[in-house]
Amino acid sequence: MNILVTLNSNYIPPLTVMLRSLRRAAPELSLDLYVAHSSLSEADFRAIENSCDLRYTRIHPVSIAPDVLADAPILKRLSKETYYRLLAIEFLPQDVERILYIDPDTVFLRSPESLYELDFGSNLLAAAGHTSGWIERLNHLRLHMAKGSRYINAGVILMNIAALRKEVTVHDIFEYIARNAKKLYLGDQDVFNGMFSGRIRILDETIYNLDEKTFSFHPEIDLDWVASNTVIVHYNGAYKPWKAGYRGVLQNFYFEAADEIPAPCRLTRMERQWSA
């Protein structure tokens, strides 16, 4: 299974928790972990190594030139690293045909194999939606999304890399950002929705991308249901369980993963360099 994360050093602690939770949920799953960054240190990668049993995993650091997305709109809660998943078609090896992008502020409660192996059909991506009502309609209007599509959350995306490479180039992505920069209020998430709406397989958000808002909108499920059915819990937004003032009820899943003691590791590293 191919996994992609993109981050700076601020998100190393939650990433290590996410990786521990993945190993606990799928202890013998064979993984290739691609870490796209522009500033991580050797100490950061040692922290990643020490968080996992890497007998079944290879880490592939992907160093991206810091100025690649110099003109992209950067918001207070979005770093330039969040845009790197848009460049995956360029920096991933040619033999990678699909990859699961996952935000570091997530935890796995069950194995993601069912998600990873789904049939794309003619779709380029698979992701869950977190909006509805007037917010959904507003997103459709400002991004000119396809009729019948849904605005997706970009924190968990299964990417059909083979198909994307046939239909879009990094130049196309740069041009889209340049043309629409003033209305990309949510950064690369808006780019995914604006460029690929109508070609996205919509996932069940209670299973594959459960956040606090989604949990509150589904009174038919409780924490026991989440523990038995949900694959990925997502701590998106301003409130994080590792910070004071967290608002919600899903934080215990994070703390359970954080308390896991990492098993001894063995690292195989493939260095990759990409720049514009």
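Buried residues, meaning those under 20% relative accessible area with a 1.4 Å probe and protein chains only, make up 56% of the 276 residues in the protein. This is a predicted model, where local features need pLDDT of at least 70, side-chain atom pairs count only at pLDDT 80 or more, and totals for chains, interfaces and linings use all residues. Numbering starts from 1 along each chain as its sequence is written, and side-chain values use heavy atoms, with hydrogens and water left out.

The protein has 12 helices and 10 strands, taken as DSSP runs (H or I, at least four residues; E, at least two) and numbered from the N terminus.

Now for strand E7 (residues 152-159): eight of its eight residues are buried.

| Strand | Bridges to E7 | Direction | Opposite residues |
|---|---|---|---|
| E4 (residues 99-102) | four bridges | antiparallel | Isoleucine 102 and valine 156 |
| E6 (residues 125-129) | four bridges | antiparallel | Glycine 129 and isoleucine 152 |

On to a helix pair. The axes of H7 (residues 170-180) and H8 (residues 188-196) come within 11 Å and cross at roughly 105 degrees, with axes fitted to C-alpha atoms over the stretch in contact and angles running from 0 to 180 degrees between N-to-C directions. That makes H7 roughly perpendicular to H8, a label for angles of 65 to 115 degrees. Asp172, Ile173, Tyr176 and Ile177 in H7 meet Asp190, Val191, Gly194 and Met195 in H8, where contact means heavy atoms within 4.5 Å.

Conventions
Parallel < 35°, antiparallel > 145°, perpendicular 65-115°, else oblique. Buried < 20%, exposed > 50% of the residue type's maximum accessible area, 1.4 Å probe, protein only. Pairing = 2+ DSSP bridges.
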